[in-house]
Amino acid sequence: MIKRGIAHVGVFFLYLLSLLPLSLLFFFARLLYYLLYYVIGYRKKVVRQNLTHSFPEKSPVEIKAIEKKFFLYLAELIFEIIKMSSISKAETLKRVKFTGLEQLEAHFAAGESILACTGHYGNWELGTLALGLSISAKTMVIFKPIKNKIFETWFDCMRTKYGNVFIAMRQTLRGMATYKNEPTLLCFASDQSPTREETKYFVDFLHQQTAALLGVEKIAKSTKRPIYYFKVSVVKKGYYHVEVLPMCLDPAKMDEFAITNLHFKFLENIIKEQPQYWLWSHKRWKFKPE
């Protein structure tokens, strides 16, 4: 009961915080960065190990520079997500711009549903919020629920306030069936880690054998839906550009695991351009092939 009360107070505080202008929130983000990096050392060992293994060609000095940039961006990202609790439609669309959406609209006009692939790069949360405001079809996002139900409800309200539908990963097929009679865009952030029991395939990603989720590939092949990759770029602090790229327009013709390999190659190329904007604090390489 006490924990629930604290969680409710926390959610209310986050909403009040979201009412502040983002410029002021970025000031708080700078303070959080110093706290996370220099005082707490939050997952610093995990981040450095991930970076060192992913970029063996870089010197320790270069790795540390990326590491610091990542922690600063992580702090800014936290406050950007808090801001989403009260952000307006106009502000959302001002901060996230898309190119290539006409490719998607051509499918929707023909009554076709499609799949979207991306990674935990840049502000994926704000990107999906803006996407739902930018296309004519229903935007459906596959996600992993968090354990705290009060914060889960807060996240759900924030994510869906402009019409997006969020579907728990284990309910994907049921969610698709609900909207089977209308064109939809089904979004996956497929760089999440599967459990050991879920792991059926490892992909070569950032110089490491990496356990991969196969959901996008399985659904694409069974439904024959084309796949587009959403390439996120950070334009400047708080502003993003998303380029819609055709990744696989005829999944039925692809060999087994080819779609999964392709997705990770797209993501790897993006990470190499600006590595500080990927989620390096995630324990992505918890286990290797046996």
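This is a predicted model: local features need pLDDT of at least 70, side-chain atom pairs count only at pLDDT 80 or more; totals for chains, interfaces and linings use all residues.
Begin by selecting the strands of the open sheet, which has 7 strands in the order β1-β9-β8-β2-β5-β3-β4 and mixed pairing. At the edges lie β1 (96-99) and β4 (165-168), each of which pairs on one side only. From one strand to the next, the twist averages 30°.

Select residues 239-248 next, together with β1. These residues are strand β9, which pairs with β1 in the parallel sense over 4 bridges. Within this pairing, T99 has E243 in β9 as its bridge partner.

**Strand β2**

Now select residues 114-118, which make up strand β2; 5 of its 5 residues are buried. Display the side chains: I114, A116 and T118 point one way, while L115 and C117 point the other way.

With strand β5 (residues 184-189), β2 pairs in the parallel sense over 5 bridges, and C117 stands opposite F188. With strand β8 (residues 227-236), the pairing is also parallel and runs over 3 bridges; here L115 stands opposite I227.

**Salt bridges**

The model contains 10 salt bridges. Select R48 and E67, whose side chains meet in one of them at 2.7 Å, N to O. This pair links distant parts of the chain, since R48 belongs to helix α3 (residues 44-54) and E67 to helix α4 (residues 60-83), 19 residues apart. R48 counts as partly exposed because its relative accessibility is 36%, whereas E67 is buried, with a relative accessible area of 0%.

Proceed to helix α5 (residues 89-95), where K94 and E91 are 3 residues apart and therefore separated by about one helical turn. Their closest N and O atoms are 3.4 Å apart, forming a salt bridge. Include R95 in the selection as well: E91, K94 and R95 are linked in a network of salt bridges.

Then select E268 and K265, which form a salt bridge with their closest N and O atoms 3.1 Å apart. Both residues lie in helix α11 (residues 258-273), about one turn of the helix from each other. E268 counts as buried at 5% relative accessibility, while K265 is partly exposed at 41%.

**A nonpolar patch**

Finally, show the surface and select Y34, L35, Y38, V39, I40 and Y42. Together these residues form a nonpolar patch with about 600 Å² of accessible area. One member, Y38, is found in helix α2 (residues 22-40); Y38 counts as partly exposed, at 46% relative accessibility.

Conventions:
Residues are numbered from 1 along each chain as its sequence is written. Side-chain values use heavy atoms; hydrogens and water are left out. Patches are made of residues with over 30% relative accessible area and no salt bridge: like charges are joined within 9 Å, nonpolar side chains (Val, Leu, Ile, Met, Phe, Trp, Tyr) within 5 Å. Accessible areas come from the Shrake-Rupley method with a 1.4 Å probe; for residues, only the protein chains shown count as cover. A salt bridge is a side-chain nitrogen of Lys or Arg within 4 Å of a carboxyl oxygen of Asp or Glu. Helices (H or I, at least four residues) and strands (E, at least two) are DSSP runs, numbered from the N terminus. Buried means under 20% relative accessible area, exposed over 50%, partly exposed in between (1.4 Å probe, protein chains only). Two strands pair if DSSP finds at least two bridges between them. Axes are lines fitted to C-alpha atoms, for helices over the stretch in contact, and angles run from 0 to 180 degrees between N-to-C directions.
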